[in-house]
Amino acid sequence: MAVIEEISQDPVESKLPQQPQQPNPDEDGDVFFDSVDYEPEEYNRLLKEATDYKQKGNLHFAKGEYEQAIRHYEDALVLCPVSATKERAIYFGNITACHLKLTNYKDARDMATEALKLDPQYSKAILRRAQANEKMDTYSSLSDALEDYRTLAKQPDLDTHTKNECQRANKRLPPIIKEKMEKEKEEMMGKLKDLGNTLLGKFGLSTDNFQMQQDPSTGSYSVNFVQR
């Protein structure tokens, strides 16, 4: 079962700017305040309300109600100040866990990426993105999954389960990636051949009239015309 994050409720005055920011004009001359320009009381109130929504999401997640959980995590993101990057990364990570359960692997990958933009060392987001990419099962996504597993394996203080998962992936994925690359290359060549035959057929030719030969000394290819 995916683990949903909990965050502390400690006061956050230390995260706030020491001096209040002055309003800045935008390109049209309108005055606005930066979104992190909160008084301490307001900042903490928003964090608490966001955490309340997260806890509601956790309850739905525990019941297997993943879509409802996503809605609460999204509500938490709406309220959470943009400067609270750790908390926001956790909310994105929790949404990722929901999408994995729902087998929405592309959405899971995208949400994990959002979490990692905020916290690049967030190990659970790296693992979940790797799992999502592996489930998408393309050459590109499998390659990305392997890269994430290898990145994660370098982190200190990983739990035993995550270490083992990374080790298994490092053994499991390379031959699968190679096989997937060859398969996708064959499919692409087949599509190109079909396209070529469509165009050449107008001139009474086909791709069979052209043979590719590789120069063993240089590795380059030459194309020879063959009359059939």
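This is a predicted model: local features need pLDDT of at least 70, side-chain atom pairs count only at pLDDT 80 or more; totals for chains, interfaces and linings use all residues.

Trainee: What makes Phe61 buried or exposed?
Mentor: Buried means under 20% relative accessible area, exposed means over 50%, and partly exposed is in between (1.4 Å probe, protein chains only). Phe61 comes out at 2%, so it counts as buried. Tyr66, at 18%, is buried too. Over the chain, 31% of the 228 residues count as buried.

Trainee: Why is the pair of Phe61 and Tyr66 called edge-to-face?
Mentor: A pair of aromatic rings is described by the distance of the centres and the angle of the planes. Rings of Phe, Tyr and Trp (its six-membered ring) pair if their centres lie within 6.5 Å; planes under 30 degrees apart count as stacked, over 60 as edge-to-face and the rest as tilted. A search of the whole structure gives 2 aromatic pairs. For Phe61 and Tyr66, the centres are 5.1 Å apart and the planes are at 65°, so this pair is edge-to-face.

Trainee: What places Lys56 over the face of Tyr53?
Mentor: A charge sits over a ring if NZ of Lys or CZ of Arg is within 6 Å of the ring centre and within 35 degrees of the ring normal. Lys56 lies over the face of Tyr53, 5.1 Å from the ring centre.

Trainee: How do you know that the span of helix H2 agrees with what it should be?
Mentor: The expected span of a helix is 1.5 Å times one less than its number of residues. Helix H2 (residues 66-79) has 14 residues and should span 20 Å; its end C-alpha atoms are 20 Å apart, so the two agree. The buried residues of H2 are Tyr66, Ala69, Ile70, His72, Tyr73, Ala76 and Leu77. They cover an arc of only 165° around the axis, which puts them on the same side of H2. That arc is the one of the directions from the helix axis to the C-beta atoms.

Trainee: What do the buried residues of H2 pack against?
Mentor: They pack against helix H1 (40-62) and helix H3 (85-101). Contact means heavy atoms within 4.5 Å.

Trainee: Why is H3 called largely enclosed?
Mentor: In H3, 14 of the 17 residues are buried, so the helix is largely enclosed by the rest of the structure. Its 17 residues should span 24 Å, and the end C-alpha atoms are 25 Å apart, which agrees.

Trainee: What is it about the phi of Thr103 that gets pointed out?
Mentor: Most residues other than glycine have a negative phi, and most peptide bonds are trans. Thr103 is not a glycine, yet its phi is positive, about 60°. Thr103 sits in the loop between H3 and H4 and is partly exposed, at 48%. Asp137 is another non-glycine with a positive phi of about 60°; it lies in the loop between H5 and H6.

Trainee: What makes Met136 partly exposed?
Mentor: Its relative accessible area is 27%, which is why Met136 counts as partly exposed. Met136 is in helix H5 (residues 123-136). Leaving out residues up to four places away in sequence, Met136 touches Tyr105, Lys106, Arg109 and Ser141.

Trainee: And how many disulfides does the count come to?
Mentor: A disulfide is a pair of cysteine sulfur atoms within 2.5 Å. By that rule, the count is 0. Cys80 has a relative accessible area of 3%, so it is buried.

Methods: Residues are numbered from 1 along each chain as its sequence is written. Side-chain values use heavy atoms; hydrogens and water are left out. Helices (H or I, at least four residues) and strands (E, at least two) are DSSP runs, numbered from the N terminus.
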